[in-house]
Amino acid sequence: MLVINGPTDDSGHQDPGHPERPDRVTAVMAGIADLHLGSDLVVAPEYSATRAELTRVHEGGYLDELDMFCYEGGGDLDEDTYATYKSWSIARFAAGAGISAVDTLRQRNDGVAFVVTRPPGHHALRDRAMGFCLLNNIAVTAAKLTSEGERVLIIDWDVHHGNGTQSIFWNDPNVLYVSTHQWPLFPGSGTPREIGGLDAMGLTLNIPLPPGATGDVVRQAIDEAATPVIEKFGPTWVLVSAGFDAHRDDPMADLKLTSGDFAELGRMAFGFAPRPGRLALFLEGGYDLAALQGSVAATLSSMLGGEYQPESPSSGGPGSEMVFRARAERVLALRQAEEVPTDQDRVI
Amino acid sequence: MKPLRTIAVGFDGSDDSKAAVRWAFEMASQVDSDVVLVHAVGLLERARIEEVTAELRETVRRLTGESGFDHARVRLHVANGDPCSVLLRAKDAPLEADLIVVGSRGQGEHAGLLLGSTSLQLAEHSSIPVVVVPSQHADG
């Protein structure tokens, strides 16, 4: 069973020529339609995040400023990120969609959720929009879950490092953040030496990958570097920042994944969930519409036990050595942190 | 007080950032320090980064020539990220800056808002001193 969020009209959040555009959601929905799920497709109620839910991860002052900025007509927040008159409302629905989807999973105690919203969220910091992101959608849901006593694994396979999510949970012992991403690339954070704050040492895990890396390297990174940490952490929920801009056709980066690789990643994420109904994906990046449609369909199909896979998994690219080095750097950072703990307690 | 060995200047090519560069050159001349012009490459700019870098190098060359500051003590550092994050990292290796200088508003920024204001965000979060050069120092 696949749970998706209720339809929100996001057409009011767009900027002519900007790659983060409403057509992306259309492509994702086309990918879901390709699976012909019938009654196995469940729609969670539309839900707008409350201020109390947002202030678990964002500063109240930032929320007020964003609200006011949009009310006055919006504009460019930085060279990448825009907001319109309607963005505040749309972003709150995007931030609330995950909460609604998780509630639906809980009621049914089964299935996988895919939160198909925009704008994306994983770059949004506590007090700042950036990288096309206004509110950190996955963080809002993760914080709601931890407030209820859950232990949350966040896997971020977007091609860009999720600096906002990392920063928000830097010192949270109930969240394990795992990211694979191209390096170097925006936003410039995400080194293996970033391991978490004093109360969550080791609960940030970054595996940077070089341009040209293929799916086998990403799988190696998850298998060798992340799986032991995830198993030790023991998540009760798994959330995925599911960007699809690591696809070889995506214009925003240089990784060489195929839709078949995303199917493999989906299978791995599914395996980390402790039981059915404890896995939710959140749309982040992905800007080539055909690649997005095929990758979404392949990912969800693999999680639902289907065989839809328009492209084979890729292999043979560089990065194996970088994964090895990342593990070594992380071990060193953890060792140094134990020796001089106060030096590590900083948000990067 | 720690000596100012390296001054990092936020540089996006705007008039305000050029004013910040000129101020940094004057300061560096007085305290005998190096100047690193720091440019942040965002998600959208990446596609034309070579063109942008060439333009920035030319602007840096012109600004340095106009100021009379020693070319050998000026570097251009281009890094991935948003301007605030990139400048907050300037205190770390490889730049190890002792001071950050920025114009009061970068490209596309809005007056009076903390939201989207690199200078205000830096003032709030930086662990090294930040100098904000007012707009009236820009040559328009």
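This section describes a pocket, the nonpolar cores and the surroundings of one serine in a predicted model.

Two or more lining residues are contributed by each of strand E8 (204-209), helix H7 (215-233) and helix H10 (320-339) of chain A. The greatest contribution is that of H10(A), with 7 residues. Classified by residue type, the lining consists of 14 nonpolar, 5 charged and 2 polar residues.

The largest nonpolar core contains 56 residues, and the members that touch the most others are Ile32(A), Phe114(A), Trp157(A), Val240(A), Phe244(A), Leu279(A) and Leu281(A). H7(A) supplies the largest share of this core, 9 residues. A second, separate core is made up of 42 residues, among them Ala95(A), Val152(A), Val175(A) and Trp237(A). Within the largest core, Phe244(A) has contacts that, with residues up to four places away in sequence not counted, include Phe114(A), Trp157(A), Phe262(A), Leu283(A), Leu292(A) and Val296(A). Asp250(A), Ser295(A) and Thr299(A) are also among the residues touched by Phe244(A).

Ser314(A) is located in the loop that connects helix H9 (289-303) with H10 of chain A. This residue counts as buried because its relative accessibility is 9%, the limit being under 20%. A polar atom of the Ser314(A) side chain lies 3.3 Å from the backbone oxygen of Lys256(A). Apart from neighbours within four places in sequence, Ser314(A) is in contact with Thr214(A), Gly215(A), Asp216(A) and Arg219(A), as well as with Lys256(A), Leu257(A), Thr258(A) and Asp261(A).

Note on methods: Residues are numbered from 1 along each chain as its sequence is written. Chains are lettered from A and ligands numbered from 1 in the order in which they are written. This is a predicted model: local features need pLDDT of at least 70, side-chain atom pairs count only at pLDDT 80 or more; totals for chains, interfaces and linings use all residues. Side-chain values use heavy atoms; hydrogens and water are left out. Helices (H or I, at least four residues) and strands (E, at least two) are DSSP runs, numbered from the N terminus. Ala, Val, Leu, Ile, Met, Phe, Trp, Tyr, Cys and Pro count as nonpolar, Asp, Glu, Lys and Arg as charged, and the others, Gly among them, as polar. A nonpolar core is a set of buried Ala, Val, Leu, Ile, Met, Phe, Trp, Tyr and Cys residues joined through side-chain atoms within 4.5 Å. Buried means under 20% relative accessible area, exposed over 50%, partly exposed in between (1.4 Å probe, protein chains only). Contact means heavy atoms within 4.5 Å. A polar contact is a pair of N or O atoms within 3.5 Å; within protein, one must be able to donate a hydrogen and the other to accept it, and residues adjacent in sequence count only if both atoms are side-chain atoms.
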